[in-house]
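Visitor: I would like to learn how to read local features in a model. Where do we begin?

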Amino acid sequence: MQKSDRLVLVLMVGGVLVMLLWMMRAANLFPSSNAPQPGFGLAPGAPAPAIKAVGWINGEAPTAESLEGKVVVVDAWAYWCGYCMQDAPELIALYKTYEGQEDVVFIGLTAEGEANLSDSREFVKQAGYPWPNGYGAYETMLQYGNSYLPAAWVIGRDGKVTWNLGMEHIESMKEAIDRALATPPPNAAPTEEEAAATADGPKNAADSADSNESPAE
């Protein structure tokens, strides 16, 4: 093969690679559908795995009972993830929006174990996370199935994923939390209005039946 032919081949291959990279970047910047972007783990409708970790920073391990009927925000991070630290202020601001609301719980998870515990503690300190963060949560992270960090999920009151970070081009995390909060917990006691409507139902039905009866002859 002559040098000129080799040069043409190299330029062609280079052009194809540049085009592929541009297409991949464009797909991320300008999503073409309202579907969650792949790689961010469990999608809406999937049951959320039980949250397990080797140990916890900033608090104790949450129990299934303590999370039942609540909206749970799960944030996945790693001490070496620059984007995780970069996103920390926005996540903390969101936490403060719901601070004091018992129905919203924030939980952090990292797959990094005890060997890197000092690094993980320093990350939590520098990021300023006030919520409990589980370390050594490798198995849980596998079940969540994310390929990227940072990653996050909003879990509804029914224990199912209702949002993940791959949906932020469709709906913000705050919008997802508000939407989940608007859904009553499973087996929740009826409100006063609902109870009154239920109580009035049979009476109104009976009154309606009485009014439709023909007068006795």
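**Reading the backbone and the bridge**

Guide: This is a predicted model. Start with Asn58, which sits in the loop connecting strand E1 (55–57) with helix H2 (64–67).

Visitor: What is the phi of Asn58?

Guide: Phi is positive here, about 75 degrees, although Asn58 is not a glycine.

Visitor: Which residues does the cis peptide bond join?

Guide: Leu149 and Pro150, with omega at about 0 degrees. Pro150 is in the loop that runs between helix H5 (138–144) and strand E5 (151–155).

Visitor: Now the cysteines. What is a disulfide?

Guide: A disulfide is a covalent bond between the sulfur atoms of two cysteines. The cut-off for calling one is 2.5 Å between sulfurs. The count in this model is 1 disulfide. Cys81 and Cys84 form the link, with S to S at 2.4 Å.

Visitor: What is the handedness of the link between Cys81 and Cys84?

Guide: Right-handed, with 85 degrees about the S-S bond.

Visitor: Are Cys81 and Cys84 buried or exposed?

Guide: Both Cys81 and Cys84 are buried.

Key:
Residues are numbered from 1 along each chain as its sequence is written. This is a predicted model: local features need pLDDT of at least 70, side-chain atom pairs count only at pLDDT 80 or more; totals for chains, interfaces and linings use all residues. Side-chain values use heavy atoms; hydrogens and water are left out. Buried means under 20% relative accessible area, exposed over 50%, partly exposed in between (1.4 Å probe, protein chains only). Helices (H or I, at least four residues) and strands (E, at least two) are DSSP runs, numbered from the N terminus.
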